[in-house]
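Let's take a walk through a protein model and stop at a few spots along the way. Have the sequence and the 3D view ready.

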Amino acid sequence: MEEILQRYEGRGRDALLPILWDVQTAEGYIGPDAVHAISHLLHVPEADIYGVITFYTLFSDQPTDDMVVRVCTDPVCALEGADYLCHMLPAEATTCLGMCDHAPAVLVSRKGFGEKAYGRVYGVYNMLAHSQRFSHIGGDPLILLDGIHGSEAQSLVEYGDYEALRHALFNLTPDAVIQTVKDAGLIGRGGAAFPTAIKWAGARQAGLAAGVEPYLVGNGDESEPGTFKDSALMAQRPHLLIEGMLLCAYAIGATQGYLFIRGEYPEAQWRIDEALRETEAANLIGDHILGSDFSFQIEIRRGAGAYICGEETALFEAIEGKRGYPRIKPPYPTTAGLFGKPTVVNNIETLCAVPGIVQHGAVWFRQWGTEKSPGTKLVSVSGHVQKPGVYEITPGITLREVLDRFCGGLVGNLKAVLMGGAAGTFLTPDEIDVRLTFEDLRAIGGSFGSGAIVVFSDTVDLRDVMLRLARFFQHESCGKCFPCQLGTQRQMEILERSWTPYPGDRERLIDIGRTMTESSLCGLGQTAGSAVMSALAKWEELSR
């Protein structure tokens with residue numbers, strides 16, 4: 001404990017998550033003595049520390065066994081027998097682990113060692129024999145996924161010498177970088193599809209007006225069932241991500257950035273740590289990068305099991321050492337974000353698209369996709385397909401083409417596709433010829449979201465799928481706003497009796513869903529009923 005405390009001497013509350021992780025890993029839990037010592041070191045009330053510990057799933061304030069096993073029981077893992085696995089090991093049921101293409105997935109926490117993820121686990125010996133997180137990679141063309149071979153991360157030598165960064169530092173002004181990104185039409189790849197350049201320009205202008213340096217935050221808290229594309233980028237192309245962050249920082253005038261990685265992705269953190277050491281040794285990060293006037297540092301923050309932290313303002317609260325509650329907007333992050341300063345928050349895939357745009361130009365990027373959905377896009381495909389994995393597509397390709405051409409076809413007869421992840425909408429077999437663009441999916445009442453595609457055959461009871469989605473949102477609701485807190489609970493309770501429903505249950509679910517959509521504080525509650533309402537609208541038998 002003394003060694004851990006010494007590492008954080010002189011730090012403030014923003015060091016709370018890192019120090020809690022160090023204690024949790026060493027001791028298996030965070031006990032009263034540790035809380036007392038941390039309180040004195042960081043000058044944070046003990047009650048606040050307990051509030052943070054109990055907010056995050058992966059932290060514990062009570063003694064645990066030397067090994068804690070958590071089994072994902074969300075929809076895709078459930079298809080592969082996760083419930084049985086929970087009883088057989090034995091293990092704790094948990095929400096999505098970001099390994100939907102390696103279902104059933106398990107996360108093992110070992111005292112003194114930390115976490116390790118295991119995929120396709122069907123028994124204890126299988127689990128202990130090997131670890132598998134890395135996805136099947138494919139697509140056409142391969143831009144973001146170029147250079148991924150096997151399960152290893154690209155080294156700096158394999159990646160290259162950061163040509164896009166060199167070009168920007170010595171040939172482009174920050175405003176020129178922003179203009180290039182604007183001309184390329186890059187929109188956020190995290191689900192909201194907000195124009196990236198507008199966000200960058202807003203933060204830069206707010207920083208200049210206030211005389212402060214903006215912050216940059218890379219959002220790697222990919223925690224929604226069906227979504228695992230950012231895991232592949234962080235774990236296998238860490239230098240592409242780092243270069244993207246450097247280019248964004250140069251454009252907005254930031255000297256400090258944070259990369260927030262979900263707690264269930266320990267491998268991604270290890271590999272990015274190594275990549276940062278490589279870049280520092282090559283003077284590609286730190287002070288006066290490549291002899292220029294540009295300086296930038298990246299600090300990693302590891303989440304601890306809270307889907308809500310994928311919401312940008314809840315992410316700020318987590319980095320600042322607090323419970324991950326979303327903030328009321330306005331003010332918006334571009335004017336008052338992390339530590340009250342102008343802040344840009346970008347999804348991992350969005351940042352990884354930037355180096356190619358800066359190096360090759362806007363026209364190069366727009367050769368793929370459509371006018372409103374330019375560039376390539378990553379999709380995460382799981383469920384009843386022959387080859388689940390992460391695929392790079394050209395927006396405009398149909399969903400049927402993706403399933404047949406890249407995923408090797410279906411397993412069984414198609415019943416439904418959940419498009420856009422747990423917060424997305426269902427498509428019927430008659431709708432899979434839709435073009436995968438933000439505008440085409442929106443036109444049929446669907447959602448592209450972050451690019452998650454979950455396929456279900458006709459062997460699946462959609463009532464069970466809806467119930468598991470409802471349990472996910474009920475578990476992950478932070479409880480700050482009443483519509484989401486109560487709505488996710490009631491949605492789950494009604495779906496628990498969906499095999500013997502009460503009269504009027506369909507109308508109750510629709511009313512709850514609409515209320516959450518229209519009244520919730522953040523995107524979690526606003527989309528918590530989307531999948532359920534779309535299923536009720538498309539399959540009449542679910543209402544009986």
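## Two cis prolines

P141 sits in the loop between β5 (137-139) and α8 (156-159); helices (H or I, at least four residues) and strands (E, at least two) are DSSP runs, numbered from the N terminus. A cis peptide bond joins D140 to P141, with omega at about 0°. Another cis bond links L89 and P90, where omega is about -15°. You'll find P90 in the loop between α6 (82-88) and β2 (92-94).

A quick note on what you're looking at: this is a predicted model, where local features need pLDDT of at least 70, side-chain atom pairs count only at pLDDT 80 or more, and totals for chains, interfaces and linings use all residues. Residues are numbered from 1 along each chain as its sequence is written, and side-chain values use heavy atoms, leaving out hydrogens and water.

## A helix and its neighbours

Now look at α11 (residues 196-210), a helix of 15 residues. From first C-alpha to last, α11 reaches 22 Å, close to the 21 Å expected at 1.5 Å a residue (the expected span is 1.5 Å times one less than the number of residues).

Several α11 residues are buried, among them W200 and R204; buried means under 20% relative accessible area, exposed over 50%, and partly exposed in between (1.4 Å probe, protein chains only). What do the buried residues of α11 pack against? Their partners are α10 (174-184), α13 (238-252), α15 (312-319), β9 (343-347) and α16 (348-360), with contact meaning heavy atoms within 4.5 Å. Just after α11, G211 takes a positive phi of about 70°.

## Rings that meet

The whole structure holds 18 aromatic pairs. Rings of Phe, Tyr and Trp (its six-membered ring) pair if their centres lie within 6.5 Å; planes under 30 degrees apart are stacked, over 60 edge-to-face, and the rest tilted. Y159 and Y162 make an edge-to-face pair, 5.5 Å centre to centre with 80° between the planes. Y159 is buried at 17% relative accessible area, and Y162 is buried at 1%.

Y250 and F294 are edge-to-face too, because their centres are 5.6 Å apart and their planes are at 75°. This pair links distant parts of the chain: Y250 is in helix α13, while F294 is in the loop between α14 (266-281) and β8 (297-302), 44 residues apart.

## Positive phi in a loop

N283 lies in that α14 to β8 loop. Its phi is near 60°, a positive value in a residue other than glycine. At 30% relative accessibility, N283 is partly exposed.
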